[in-house]
Amino acid sequence: MTEMMTAIAVEGGKGPAEALKPVRIPRPEPKDGQILIKVRAAGVNRPDILQRLGGYPPPPGAPDTMGLEVAGEVVIGAGRWKAGDKVCALLGGGGYAEYAVCDARHALPIPPGLDFVQAAGLPETVFTVYANVFEHGALKPGETLLAHGATSGIGTTAIQMAKAHGAKVIATARGADKAETARKLGADVAVDAKTEDFAEVAKREGGADVVLDMVGGDYFAKDLDALNTAGRIVFIASLGGAEVTLPILRIMQKRAVVTGSTLRPRPADEKARLAAAVEAVVWPWIAAGKVAPQVDATFPLSEAAKAHAHLEGGAHVGKIILVADPA
């Protein structure tokens, strides 16, 4: 194990996908309570694109390099982990590299039957869905989840987790092919948002109790229209616009809750609590085959620029994963 390692940096500090370049930087040293992971695979997420563009700086103490989730082998252990353990982990940053450090409490065992590539696509998406759909959205068995972006990493995960929980799922996607994919993943109803009014479809289906929205913009009015009394709208991004009109009387009439959250800036103790909940609730679903990571494409670490371009292209279904370059 050398003192230097290859990582991906943004040439010039920010820029387009092609600005992502392999560089040699010092290997991180774990602090008390942290583990050092030999990264075998790393998930690519939309927040990485925001960081690359200069709009999502890492939280204090996190690496400047991007990468919010990895899978690999523990090199230096801490907490319950020892060298050689195979883990996947949620990071504050630094996953696009040969080695990464993380709070030992934010690592989880790789579920049985999954390889490093599949496991690398779990932490960011599963933690996000669990926190927003199951905690902030308080989805209950028998209720209906309306999930946008059905074929994204978040969307494919939300569909499966909600179904495993005993909920009905109405999923939206842009295009008939993507809507059909959402059905195959378990959505009870799939809406082609290009040609159908998802609010009208949802109302015909009995309405939504929880809406998971990463679009914002003009989707909000339709979310509210589709929402049942005492329903919850949870925002995790605003790809379609960050400003909406809030009709207060309509909110009052429906007793609606409008909320949202981010994951990366949460305190370490909060992420540790989430990790424990995810391991207790979601990991058994994965072991039982009820939830399976959907990997759309893999790219070598050195080709992170191509991975970002593929994600920005929007044709993917599920996760895009960077794989460690051959030694």
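This is a predicted model: local features need pLDDT of at least 70, side-chain atom pairs count only at pLDDT 80 or more; totals for chains, interfaces and linings use all residues.
I started with helix 10 (residues 304-313) and looked up its buried residues: Ala304, Ala307, His308 and Leu311. Buried here means under 20% relative accessible area, exposed over 50%, and partly exposed in between, with a 1.4 Å probe and protein chains only. Helices (H or I, at least four residues) and strands (E, at least two) are DSSP runs, numbered from the N terminus.

Residues are numbered from 1 along each chain as its sequence is written, and side-chain values use heavy atoms, with hydrogens and water left out.

Next I asked what covers the buried residues of helix 10. The cover includes strand 1 (4-10), strand 2 (20-26), strand 3 (34-44), helix 1 (46-52), strand 14 (295-300) and strand 15 (319-323). Contact means heavy atoms within 4.5 Å. Just after helix 10 I found Gly314, with a positive phi of about 80 degrees.

Arg52 lies in helix 1. Is Arg52 buried or exposed? I find it buried, with a relative accessible area of 2%. Skipping neighbours within four places in sequence, I list among its contacts Val10, Lys14, Leu20, Met66, His308 and Glu312. His308 is also one of the buried residues of helix 10.

Arg46 is in helix 1 too, but at 35% relative accessibility Arg46 counts as partly exposed. With neighbours within four places left aside, Arg46 is in contact with Leu239, Leu311 and His316. I also checked Arg46 against Arg273: they are 227 residues apart along the chain, and their C-alpha atoms are separated by 24 Å.

**A loop residue**

Pro30 is in the loop between strand 2 and strand 3. Its C-alpha atom is 9.1 Å from that of Gly77, 47 residues away along the chain. Beyond its neighbours within four places in sequence, Pro30 is in contact with Ile35, Leu36, Ile76 and Val101.

I then traced an open sheet of six strands, in the order 10-9-8-11-12-13, with parallel pairing. Two strands pair if DSSP finds at least two bridges between them. Strand 10 (189-192) and strand 13 (257-260) stand at the edges with a single partner strand each, so one side of each has no neighbour in the sheet. From one strand to the next, the twist averages 15 degrees.

How many bridges join strand 12 (residues 227-235) and strand 13? I count four, in the parallel sense.

Axes are lines fitted to C-alpha atoms, for helices over the stretch in contact, and angles run from 0 to 180 degrees between N-to-C directions. Helix 7 (residues 219-226) packs on the sheet as well, touching strand 8 (144-147), strand 11 (208-213), strand 12 and strand 13, at about 145 degrees to strand 12.

Inside strand 9 I picked Thr172, which is buried at a relative accessible area of 1%. Neighbours within four places aside, its contacts include Leu146, His148, Val191 and Phe198.

**Cores**

A nonpolar core is a set of buried Ala, Val, Leu, Ile, Met, Phe, Trp, Tyr and Cys residues joined through side-chain atoms within 4.5 Å. The largest has 52 residues, and Leu145, Met161, Val282 and Trp283 have the most contacts inside it. Helix 9 (residues 268-287) gives the most to this core, eight residues. Val282 touches Val126, Tyr130, Met161 and Ala277, not counting residues up to four places away in sequence. Apart from that core lies another of 31 residues, including Ala42, Ala107, Phe299 and Leu301.

**Cysteines**

A disulfide is a pair of cysteine sulfur atoms within 2.5 Å, and I count zero of them. Cys88 is buried at 1% relative accessibility, and Cys102 is buried at 3%.
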